[in-house]
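This report is for a reader new to the structure.

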Amino acid sequence: MTRKGETMNYFVFNKTSDYTRGYAEHVTAGPSGLLVEPGYGGRAVFFSRVMDSAESGTVWHRMTCQDCARDRAAVRISFYTAEELNGPCGENGPGVREVIRSETISFSRKKEYLQPFLKKQAPFGPDILLHSLEGRYMWFLLEIYPQTEEEIRIGTFMICFPARSWMQYLPELYRKEMGNDSFLDRYLSIFQSLYDDVGERIRSFSDWLEPGLAQPGILNWMAGWLDVEEPYIWTEKQLRYLLEHIMEFYRARGTRRGIELFVELYTGRKPFVVEWQDVARFRENGVQRELLEELYEDDPDSFTVLVTEECVPGYREHQTLIRIIEQIRPVRMEPHLIVLKPYIFADGYSYLGVNSVLGRYEEAVLGQNSRLAFASVAGEERSED
């Protein structure tokens, strides 16, 4: 992906396709960057795709990486540049792109073919100055030596071009004598990088306020501003949706509609909410009254939330859903959460078309095996032998 600004262009590696267009050994590409195979103790390698600046004689500026994994692995990076992508294997041989992506050419042979284009080698870090690299095309190689059995992730990369140095603001005498990649140039680049990063944060601050664009690490910060309790209980997708529609959710908070919205966001399905007045008229019958009190309580200040079993498959999900309902319930109202099992029980929580269906009659089979039909749910037969 290339992004253009007023004075600087960028190549960004931030999605799976950015990495799969290169070559990797013992490294897999994912949306969060490069992942070294867990437990692998040898050398893992990654050749990036070739980046085209579209201008001859381009002097490259800098590379940044959000997670360089320096505490979990020793990583060396090599940079290659070229003005033309002529075949490194001879006039009729494959070109640079083909050599990099080839699965039949070994890694050692790839390095041998691409050696004439090698311009810079350095220890890997979060910010690398590239002023010594000149050429229209550029690509890089990562050699990763894991030092732990824990997961090693590297990404996201950003490569900036063309070079922009504060040297241009010095008198001409200094610019001529020092040149690119001199000590003075590298020294000034420390402060220039700080200045550029702060400026970029200021320019992109609006992205921090947009849930659909904000980085995952910003979402919890935004949730704190908007008084979302325990944001970690939501998945990233759920939290983004909640923050984008926070006014709708907060307007309905403390109401029946609010309970339906929050529970549906967490479970993916709209719940059934039963309040005291929903069944009040059925309590006039003495037989039904006792059953209704057992199922839905006999307290006007209580309500019952019913969800199907697939919505809360485990204990953790069940407890999380209870916390969510507690946070959004009306004041002084006592909630009760019921998980509907996919069976039919008399005088129980059995609802036709929800957790039970009418099935066909089937006779018991007597012989070597006996089988009695137990229940038919959603078209699937359930039985006991």
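## Terms and basis

Two strands pair if DSSP finds at least two bridges between them. Helices (H or I, at least four residues) and strands (E, at least two) are DSSP runs, numbered from the N terminus.

This is a predicted model, where local features need pLDDT of at least 70, side-chain atom pairs count only at pLDDT 80 or more, and totals for chains, interfaces and linings use all residues. Residues are numbered from 1 along each chain as its sequence is written, and side-chain values use heavy atoms, with hydrogens and water left out.

## The sheet β15-β16-β17

Three strands make up an open sheet, ordered β15-β16-β17. The pairing is mixed. Neighbouring strands are turned by 20° against each other on average, direction ignored. Such angles run from 0 to 180 degrees between N-to-C directions, and axes are lines fitted to C-alpha atoms, for helices over the stretch in contact.

β15 joins strand β16 (residues 302-308) through 4 bridges, in the antiparallel sense. Within this pair, E275 stands opposite F303 in β16.

## Two helices on the sheet

Helix α10 (residues 256-267) lies across β15 and β16. Its direction is at about 155° to β15. α13 lies across β16 and β17, at about 150° to β17. Contact here means heavy atoms within 4.5 Å.

α10 and helix α13 (residues 315-328) also pack together, at an angle of about 155° and with axes 10 Å apart. The two are therefore roughly antiparallel; angles under 35 degrees count as roughly parallel, over 145 as roughly antiparallel, 65 to 115 as roughly perpendicular and the rest as oblique. On the α10 side, the residues that meet α13 are G258, I259, F262, V263, Y266 and T267. On the α13 side they are E317, T320, L321, I324, I325 and I328. By class, this contact has 8 nonpolar, 3 polar and 1 charged residues. Ala, Val, Leu, Ile, Met, Phe, Trp, Tyr, Cys and Pro count as nonpolar, Asp, Glu, Lys and Arg as charged, and the others, Gly among them, as polar.

## The sheet β4-β5-β13

Another open sheet has 3 strands in the order β4-β5-β13. Its pairing is antiparallel. The edge strands are β4 (27-30) and β13 (152-154). From one strand to the next, the twist averages 30°.

β4 is joined to β5 (residues 33-36) by 4 bridges. A29 faces L34 of β5 across this pair, standing opposite.
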